[in-house]
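Trainee: I would like a close look at a single part of this model. Please take me through the salt bridges in one region and their surroundings.

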Amino acid sequence: MLSVTGSSKEEVLCSQVTKREDLLFDTGGNIAMGPRKKSVKTCLMNNEIPEETIPDETKDYMNQLSHEVLCHIFRYLPLQDIMCMECLSRKLKEAVTLYLRVVRVVDLCAGRWWEYMPSGFTDSSFLTLLKKMPDVEQLYGLHPRYLERRRVRGHEAFSIPGVLEALQACPNLVGVETSHLELVESIWTYMPHVHILGKFRNRNGAFPIPPENKLKIPIGAKIQTLHLVGVNVPEIPCIPMLRHLYMKWVRLTKPQPFKDFLCISLRTFVMRNCAGPTNSLKYVPLVTGLASARNLEHLEMVRVPFLGGLIQHVVEDSWRSGGFRNLHTIVLGACKNALEVDLGYLIITAARRLHEVRIQPSLTKDGVFSALKMAELEFPQFETLHLGYVDEFLLQSRMANADLVKYGLADVVENPGIITDIGMKAVNEVFSCIKYLAIYNCPHLHNPYNWISDHSRWTRLVDINLVRCHALKLDSFGQFIELLPSLEFISLDQMFREPPKGCARVGLSAGTGIGVSSALVSNQNSNNDNDNNAQNNANIHDNNHHHPDDSDEENDFRPDLQPGEQQFAADALNEMEDMVPEDGEVVAASGRETAARSQAVIPVDVDEEQAGPSGLQRVVKPTPITVHDSESDDEEDSLELQEVWIPKNGARRYSEREEKSGESVQSRELSEVAKTKPRHAMKRKRTADKSTSTSDPVIEDDHVQVLVLKSKNLVGVTMTNCGITDLVLKDCPKMMFIHATRCRVLKHLKVENAPIVNRFDYAQCKKLNMDQVLDQILRMPPERNRIIYLRPMQQVDTLTLEQKLFSGPYPYHICIIHEFSNPPNVRNKVRIRSWMDTIANINQELIKYEFFPEATRSEDDLKKYPKYPWGREIYTLEGVVDGAPYSMISDFPWLRSLRAAEPNSFARYDFEDDEESTIYAPRRKGQLSADICMETIGEEISEMRQMKKGVFQRVVAIFIHYCDVNGEPVEDDYI
């Protein structure tokens, strides 16, 4: 029965009487049997206003709805909002009560499983809530921020016993979703019939593993997905229902934690960096239990010291009954006992459904793929291969291997993968359908061009990601890219690093840090002849293969070194490679009188730039260590003389570059006095030869390394910490973006044919020639709008830059945004993409359909407007975003009018942005398309048409972030 408020009872009564009278007549208009009653009009009591005259804004539509309709609406509302409606009216309270009586599925987090449930609950209030829901079967979102372990008499709190009491008050409860370790263990103990719904993910995981994080899993626990991070677990028992098991930083405390392991429904097994038993034999039940899971699809083991050859034997015993045959992902990382046959047997067994394989460095060998090639199998669904795979925790962790072992992890020291070009050729012969290729730290790869053969064409490769493959030849890589018909994305990280200054003189192979005999180094090249140096370096690199005493592997050291010493030596060699010589930095000095003379490297107490995974870092070098030159008679002079070199005849010589740089006489006089100062107080400016009086100081330009890209389908290239100086887009008709981050010597860009590239991102590239790059981009034919994002590491002359851009022959409307936020704010950068295209679309509509004049920037136009504003309508906008100022100078038409316009009927408020938090917020204005914008600015369009002012079809936005201009890179999560 519908409840009715007292004020409207009379109206309802009168209307019901009228309806009953109408029922006395049939559809034909004939009078039915029975006396005719007098028609009763609706009565208005106490001078009430008729309902027809009540404005729509003041009507209470919710209270006019039935309880059934309200309950249906509640199904789409969060529980917190439903409970708030109880206090609005009596009818809504009744509807909420009815809804809670019949509801079967409740979510306390409104579908946001990563959040916590509403705070403020106590044991009594939670019990009261669940008592209102007697039919509830599934309770999701039980993620309390904090739970007391036990109740305290006289103290109202939210505790584990209180939650259990409330759950037990629900007789039909089938399952609960939670992320609380102690709560889920209590549910397993006191309510074993209740299922754990969804994915159980504990939220306080960390490494080192907190001792308070404990979980005891009972046999036959009713759970399908168990996701543990940073937890102490006694053992993994038999759990028939378990489908997905993910363990990261889990300490297994029992001596034999896998003794009863059996999960026949398992589909995903991940075990990363867990602290388990050190005895390899204790992992036998784990592997045999995995083989019994016939539906296992994802197998990932990182730092699991299982017995070498164990997987091979288990596969031999179980493959006929379906063991490991449904695998589509295989990941092995830092498993120190794993053998090639273990990996090979897994791959062969799962060939029919295999999608992805990630292989640790010790198994990244030619032999693995040669054996798979001989097996003559087909991998019809294979797509992704990662060679030299190292887990991200090991890459990002600052802990040494000894520290990891102290916390219970397996003792593993990884060396680089030893796969060669021959093995890479076999890779594509085995996996002919491969689409995604990632290679990490494989120093024996030299010529990618040789990876291609008649049976290895890499025809489906879409994405290639190379990291720290230092010996890869740049020209060969460019030829390889040209021959890949489907390639779309290239990612290069710590690749093609620039060789150290004086590389050819000290007998180093360019860019690899691998020494060669100094007798092979030509001493006839001039001091600054980079072309000759490059040629010599290339020759040295080729000769590396003919010297038995030389090594191509970075971590190939003397066999008498212990593993720890080898790792220390490898790290030291990598640091030497990462040294970036510049003014005030160390450059290896060598003698040129005798080609076979041993070299002396003298580190000094200065900060140096080091390119690493986290970018440029300031590194304080330890106390100098001197390697004595056996043939040097003036060691003390060489130690003290760190500013300039003075020949024995007393005549000082400077290079031509030094003379042109205009160094003051005072600085040169100071350099002479430097000899008498203590060594610890001096910084090396340049390094010179000390061979003969005819040699000049070693002052070299950066080694020129040009990456030439020619690819029909290439969409984008991303470079990080690369030693490339020039990027050339020779023929890339589908290229759309270029991202370069922390490329120290990247200077130039040349675009020959890349018509649709529209995003350029240069961040923390120290030596970038901004003028050249901007000129090259703006000279491209105006076929696309373009956005250029720059984060320079040197001071920028903004007035000169603006003058060059606005006065140049560039057929675009130009917008230059100067952003001064520090730490960096990306709000303006992201939002500019939402409105720059709208400006261009308006121009194109006007030119194409409204016969608006199109502007030009020919030589005649440049001569016609030699002074500011150079024929453009230039204006400036300034503001503050999140406390940081910005300044924009532009000749974009229509923008000022659109910013000043009032919101229209299409305005949307789903974004938090407005003009106070960004330059321009079109969604807040309702300016969602060019047509809507043209209606807003109709008057301005008419004025420009009368003035016969033309517009460009395309626009360019240049966004310059100034947070790094002092030369120190600012940490930024967005790059």
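Mentor: Asp702 forms a salt bridge with Lys747, and their closest N and O atoms are 3.1 Å apart in this predicted model. This pair links distant parts of the chain, 45 residues apart: Asp702 sits in the loop between β20 (697-698) and β21, whereas Lys747 sits in the loop between β24 (737-741) and β25 (748-751). Asp702 counts as buried because its relative accessibility is 7%, under the 20% cut-off. Lys747, at 21%, counts as partly exposed.

Strand β21 (residues 706-710) includes Val708, which is partly exposed with a relative accessible area of 34%. Together with Val704 and Val706, Val708 makes a nonpolar surface patch of about 210 Å².

Lys710 forms a salt bridge with Glu482, with 3.5 Å between the closest N and O atoms. Here too distant parts of the chain are linked: Lys710 belongs to strand β21 and Glu482 to helix α16 (residues 474-482), 228 residues apart. Both partners are partly exposed, Lys710 with a relative accessible area of 31% and Glu482 with 41%.

A further salt bridge joins Glu752 to Lys750, the closest N and O atoms again being 3.5 Å apart. Glu752 is partly exposed at 42% relative accessible area, and Lys750 is likewise partly exposed at 44%. Through salt bridges that share partners, Asp702 and Lys747 are joined with Glu498, Arg744 and Lys767 into one network. The structure holds 25 salt bridges.

Note on methods
Residues are numbered from 1 along each chain as its sequence is written. This is a predicted model: local features need pLDDT of at least 70, side-chain atom pairs count only at pLDDT 80 or more; totals for chains, interfaces and linings use all residues. Side-chain values use heavy atoms; hydrogens and water are left out. Patches are made of residues with over 30% relative accessible area and no salt bridge: like charges are joined within 9 Å, nonpolar side chains (Val, Leu, Ile, Met, Phe, Trp, Tyr) within 5 Å. Accessible areas come from the Shrake-Rupley method with a 1.4 Å probe; for residues, only the protein chains shown count as cover. A salt bridge is a side-chain nitrogen of Lys or Arg within 4 Å of a carboxyl oxygen of Asp or Glu. Helices (H or I, at least four residues) and strands (E, at least two) are DSSP runs, numbered from the N terminus. Buried means under 20% relative accessible area, exposed over 50%, partly exposed in between (1.4 Å probe, protein chains only).
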